[in-house]
Amino acid sequence: MQKADAAVLGAGIVGLSAALHLQARGREVVIVDRHAAPGRETSFGNAGLIERSSIFPYLFPRSASKLIPYAFNLAPEARYHLSALPTIFPWLWRYFYESGPSGAARIFAAFRPLIEQCLSEHGPLAAAAGAQDLFRPSGWLKIFHLSSTFDAGAREAERLRSFGLAVDILATQEFLNREPHVTPPRGALHFLDTASVTDPAALSQAYLDLFLARGGRFLVGDARTLEQEAQGWRLKTTQDYLFVYDVVVALGPWSDQIYRPLGYQIPLGVKRGYHMHYTPYQDRQIFHPILDADHGFLLAPMARGVRLTTGAEFADRDAPPTPVQIDRCEPLARKLAPLGDRLDPTPWMGARPCLPDMLPVLGPAPAHKGLWFNFGHAHHGLTLGPVSGRLLAEMMTGESPSIDPRPYRADRF
Ligand SMILES: Cc1cc2nc3c(=O)[nH]c(=O)nc-3n(C[C@H](O)[C@H](O)[C@H](O)COP(=O)(O)OP(=O)(O)OC[C@H]3O[C@@H](n4cnc5c(N)ncnc54)[C@H](O)[C@@H]3O)c2cc1C
């Protein structure tokens, strides 16, 4: 039987960050994942944005111009499986409800302290891990093809500026000065406070290497073998049984595998998403992540090639992939930017772990001593991993929390 102070279940960006923060507070920590390498699931295939400027979480749209195309599955940025509707409808209704005016104000207030710290929390971890080269400080671009959407974008930029964020509003020629090989849009926003990562899987590996170099252990095992004992928790790994006093559930979209059998009813849903890589043209590169706001896809220059990522697919987490959005967006992306051949044999699929208020669950499990939750980071897990890791480690070690944790508690629903 191996022993440690704490086990972190899940080696995605959220679990890795929490493990590093616990370790920095003197805890002996073991990370357990079903894969032998870190960051192989949702943290693998995202768009790579460390989204400092995203202070307004992604709420359920309420305008008819958005809802009608969604209802008929015609919007490129969101689609749903009709067969999954009976299962996911209660969650969608709750998401719609939470996105109403009073919910939105509460969510905004709770989200902002997290997002404000995202770059300042990644910075020291990346420096200690020698991973600064993975970070590209060039911000990201949001482009618009229609005057109406560009005007709305410009209003969004003014609102962000009022919160001290740096956003350039670019007319066509100004945009082309920054991205000369992209088909000119009607206009664009350039979010300057944001960084992006050129290889999210390599970042997870760098954070794991740092954790191991500082004396941490990484074991392969199935989190579902977790059992409570009189003094703590026991888990089976491929090497041995592991006994710990504290357990952190950082299993992203699979976190229900632990909390549900223990009796918690937490409304965790998923927004699935896809990616595909394309060969870049050396003489006609793109230099920033570019979100096509009117067509709902994002192109990001990555280590492997140009990565096209899609919007949300509402479906059962485990249903077979249906990468319709890749097929719909690829021709639009090819019109926008120079893209060579497809590089992946099939589109990658991930599942953003989402609570209906788009805030994570972060803190103690109300009815189980030594059980801690850290999941549900939705569209912003790469961004928020280190922030939530710090906050959780502060709570677990009795430090006064740097952010009020009450909005993220497990029993808020
Ligand atoms: C298309 C797309 C684009 C995105 N773009 C961005 C972006 O630009 N910026 C951003 O901040 N976020 C983005 N996100 C969201 C972000 O990727 C997620 O919020 C984040 O990766 C969640 O991290 P996690 O560690 O909680 O989960 P995961 O990375 O999924 O990690 C969970 C871990 O648990 C392990 N696990 C599961 N079950 C078991 C078990 N039974 N036993 C042992 N281990 C188990 C898995 O193997 C995995 O390693 C995007 C997501 C998608 C899908």
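With a relative accessible area of 42%, Glu 158 is partly exposed, a class that lies between buried (under 20%) and exposed (over 50%), as judged with a 1.4 Å probe on protein chains only. The model is a predicted one, in which local features need pLDDT of at least 70 and side-chain atom pairs count only at pLDDT 80 or more, whereas totals for chains, interfaces and linings use all residues. Residues are numbered from 1 along each chain as its sequence is written, and side-chain values use heavy atoms, with hydrogens and water left out.

Glu 158 pairs with Arg 161 in a salt bridge whose closest N and O atoms are 3.2 Å apart; the term requires a side-chain nitrogen of Lys or Arg within 4 Å of a carboxyl oxygen of Asp or Glu. Arg 161 is likewise partly exposed, at 34% relative accessible area. Because they are three residues apart in helix α6, Glu 158 and Arg 161 are separated by about one helical turn. Helices (H or I, at least four residues) and strands (E, at least two) are DSSP runs, numbered from the N terminus.

## Salt bridges across the chain

Elsewhere, a salt bridge joins the side chains of Arg 25 and Glu 399, at 2.8 Å from N to O. Since Arg 25 lies in the loop between α1 (13–24) and β2 (29–33) while Glu 399 belongs to the segment after α11, this pair ties together parts that are 374 residues apart in sequence. Arg 25 has a relative accessible area of 22% and Glu 399 one of 35%, so that Arg 25 is partly exposed and Glu 399 is partly exposed.

Asp 246 and Arg 27 also meet through their side chains in a salt bridge, at 3.6 Å from N to O. This pair, too, links distant parts of the chain, with Asp 246 in strand β13 and Arg 27 in the loop between α1 and β2, 219 residues apart. Asp 246 counts as buried at 13% relative accessibility, whereas Arg 27 is partly exposed at 23%. The whole structure holds 28 salt bridges.

## Aromatic pairs and charges over rings

The rings of Phe 56 and Phe 163 have centres 6.1 Å apart and planes at 75 degrees, so they form an edge-to-face pair. Rings of Phe, Tyr and Trp (its six-membered ring) pair when their centres lie within 6.5 Å, with planes under 30 degrees apart called stacked, over 60 edge-to-face and the rest tilted. Phe 56, in the loop between β3 (49–50) and α2 (64–71), is 107 residues from Phe 163, which lies in the loop between α6 (147–161) and β7 (167–171). Over the ring of Phe 56 sits the charged end of Arg 159, 4.1 Å from the ring centre; this description applies when NZ of Lys or CZ of Arg is within 6 Å of the centre and within 35 degrees of the ring normal.

Phe 60 and Tyr 95 form another edge-to-face pair, because their ring centres are 5.2 Å apart and their planes stand at 80 degrees. Both residues are buried, and they belong to one aromatic cluster together with Trp 91, Trp 93, Phe 96 and Phe 314. The ring of Phe 96 has the charged end of Arg 62 over it, 3.9 Å from the ring centre.

Strand β11 (residues 227–228) runs antiparallel to β12 and is joined to it by two bridges, where strands pair if DSSP finds at least two bridges between them. In this pairing, Glu 227 stands opposite Arg 234, and four residues lie between β11 and β12 in the hairpin that they form.

## Nonpolar cores

The largest nonpolar core has 64 residues, of which Ile 31, Phe 135, Leu 203 and Tyr 207 touch the most other members. Such a core is a set of buried Ala, Val, Leu, Ile, Met, Phe, Trp, Tyr and Cys residues joined through side-chain atoms within 4.5 Å. Helix α11 (residues 381–396) gives the most to this core, with eight residues. Apart from this core lies another, of 28 residues, among them Leu 242, Val 249, Ala 365 and Phe 375.
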